[in-house]
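This report describes the architecture of a single protein chain.

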Amino acid sequence: MKKQWAKFVVVLVCYLLFLFWVKSWWGLLVVPFIYDAYITKKINWQWWKDAETPVRVVMSWVDAIVFALVAVYFINQFFFQNYVIPSSSLEKSLLTGDYLFVSKVSYGPRIPQTPLTMPLTQHTLPVFGCKSYVEWPHWDYRRVEGFGQIQLNDIVVFNYPSGDTIVSDLRYQPRDFYLLCYELGYRAWANHPIADSLSAEQRLQMFAAVKALGRRIIEENSAEFGEIGTRPVDRRENYVKRCVGLPGQTLFIKDRIIYLDGKENKEPDNAQFSYKVRLKRYPTDDELLDLQITMEDLMQLNQMGCMPLTRRAADMLRKRTDLCESLQIVTEADDQDIYPLNGGYHWTRDNYGPVWIPKKGETVDLSLDNIAIYERPIGVYEGNDLAVRNGKIYINGKETNKYTFKMDYYWMMGDNRHNSADSRYWGFVPEDHIVGKPIFIWWSSDPDRSGFSGIRWSRLFRMVDNIK
């Protein structure tokens, strides 16, 4: 019994410290069961050990699997989880095929908003293709105290802000739902008014009509798009980008350079931009390695006549006159897919803003000229009823020209600046979407190669903080 009491005390102290950390005293209801498991043993927790052989064998496996799933759920929810880089938006800082150890305690873990979910899944059950979570109960956002705050130029994992609404057809799920609405709306309403010829209020009305038309097309063609659905914040896709703008800062992008409060932000060493390239011949494997050009880069060159290069790689390639015939940075950029989609500001990925990043407790002056920028944070992320009527702004039924934000927001961008779906396309990242901080790369495999040749040995256990 002395050993049992010692075990009980250790487990109880650890459990109480955990409850104190998360500030959730409902967990005290579990203490009597912990006491019984170690001391009184009134409940026969392992009744199946005395059962017949088939039941004993089956239940031993069930017991082990349930314990493993609960442990994984608990660890992933509050301490750390694995994350794989699925795309090239952070090349050459983080590569496609990098597996990251993501710390939840760096910025503080969130209390789960949809607690009833299958471990090791984000939103969909494999094979079955259905939801892997139950939306009830749904808890309000709350974050436990962490080791620190997001710092400028941190690489951060977060939930995709624009992933609150989706269509069920898997072909369209990777698409941004709102951009899809606008694309379909513009296509159906080819003779819509020119936005620049309208007043600020008329522009907002026109963009709202385009969006509504696109949504109606999706609803009327459910056989192609599937049903329109929603996802709670913590069940949306995980994204990883670099934080290039903090709450309260004013961000401005001019000729691809980011300025914060008028000062140039340090560009990552591995920042990439797309270049129009004409090659005289196909590079050898050694030349590709020296220039840090991947097969994915060359595939993009073959398909579109341009490929992403760091400034260093561009300078080196430009000097290789035996290899490169011409090289020029891409300056063409669309302005219709840029956030806010109903702004009509003619901003592009290379020339954007200025835009003030909302900060908790600070107030912004609202007008018809900037309401498109802050419409989504005010209405969607912070749950207010926002409307524009007769040239006036109403929040929760009251006319106003100011709003005080309840959360901090961040501006996230990929290092592969011309090939990254980031804040330039879907706007601010609210604090309740922040998942955690990547600490190190625990595994890395090149998707273009197989077997041992595809393992990037030099990247194993590389600290992410050292990637600048």
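## Charges over rings

A charge is taken to sit over a ring if NZ of Lys or CZ of Arg is within 6 Å of the ring centre and within 35 degrees of the ring normal. The model discussed here is predicted. In this model, lysine 23 places its charged end over the ring of phenylalanine 20, at 5.9 Å from the ring centre. Because the cut-off is 6 Å, the 5.9 Å of lysine 23 falls within it.

Arginine 389 provides a further case: its charged end sits over the ring of tyrosine 394, and the distance to the centre of that ring is 4.2 Å.

## Overall composition

The protein contains eleven helices and 22 strands. Its C-alpha atoms fill a box of roughly 80 × 65 × 50 Å, taken along the principal axes. Of its 468 residues, 47% count as buried.

## The largest pocket

The volume of the largest pocket is about 1,600 Å³. Its lining comprises 37 residues, of which Tyr15, Val30, Ile34, Val70 and Phe74 are the closest to the pocket centre. The largest share, eight residues, comes from H3.

Sorted by class, the lining of the largest pocket has 27 nonpolar, five polar and five charged residues.

## Strand pairing

An open sheet is formed by four strands in the order S9-S8-S7-S13, and the pairing is antiparallel. Strand S9 (263-264) and strand S13 (352-356) stand at the edges; each has a single partner strand, so one side of each is left without a neighbour in the sheet. Strand S8 (residues 257-260) is joined to S9 by two bridges, and these strands run antiparallel. Within this pairing, tyrosine 259 has glutamate 264 in S9 as its bridge partner.

Strand S10 (residues 272-279) is joined by five antiparallel bridges to strand S11 (residues 306-310). Tyrosine 275 has methionine 307 in S11 as its bridge partner. S10 is also joined by five bridges to strand S12 (residues 324-329), again with an antiparallel run. Here, leucine 279 has cysteine 324 in S12 as its bridge partner.

## Aromatic pairs and an aromatic cluster

The structure holds 35 aromatic pairs. One of them joins tryptophan 347 and tyrosine 352, with 4.6 Å centre to centre and 55° between the planes, a tilted arrangement. Tryptophan 347 and tyrosine 352 are both buried.

Tryptophan 347 and tyrosine 352 also belong to one aromatic cluster. This cluster is formed by Tyr339, Tyr345, Trp347, Tyr352, Trp356, Tyr374, Tyr381, Tyr403, Phe405, Tyr409, Trp411 and Phe428.

## Isoleucine 357

Where does isoleucine 357 lie? Isoleucine 357 is placed in the loop between S13 and strand S14 (363-365). Its relative accessible area is 0%, so isoleucine 357 is buried, the limit for a buried residue being under 20%.

The C-alpha atom of isoleucine 357 is separated by 5.6 Å from that of glutamine 249, although these residues are 108 residues apart along the chain.

Note on methods:
Residues are numbered from 1 along each chain as its sequence is written. This is a predicted model: local features need pLDDT of at least 70, side-chain atom pairs count only at pLDDT 80 or more; totals for chains, interfaces and linings use all residues. Side-chain values use heavy atoms; hydrogens and water are left out. Rings of Phe, Tyr and Trp (its six-membered ring) pair if their centres lie within 6.5 Å; planes under 30 degrees apart count as stacked, over 60 as edge-to-face and the rest as tilted. Buried means under 20% relative accessible area, exposed over 50%, partly exposed in between (1.4 Å probe, protein chains only). Two strands pair if DSSP finds at least two bridges between them. On a 1 Å grid over the protein atoms alone, a cavity is a set of points where a 1.4 Å probe fits but cannot get out, and a pocket is an open set with protein on both sides within 12 Å along at least five of seven lines; lining residues have an atom within 4 Å of a point. Grid points are joined across faces, edges and corners, and a volume is the space filled by probe spheres set on the points. Ala, Val, Leu, Ile, Met, Phe, Trp, Tyr, Cys and Pro count as nonpolar, Asp, Glu, Lys and Arg as charged, and the others, Gly among them, as polar.
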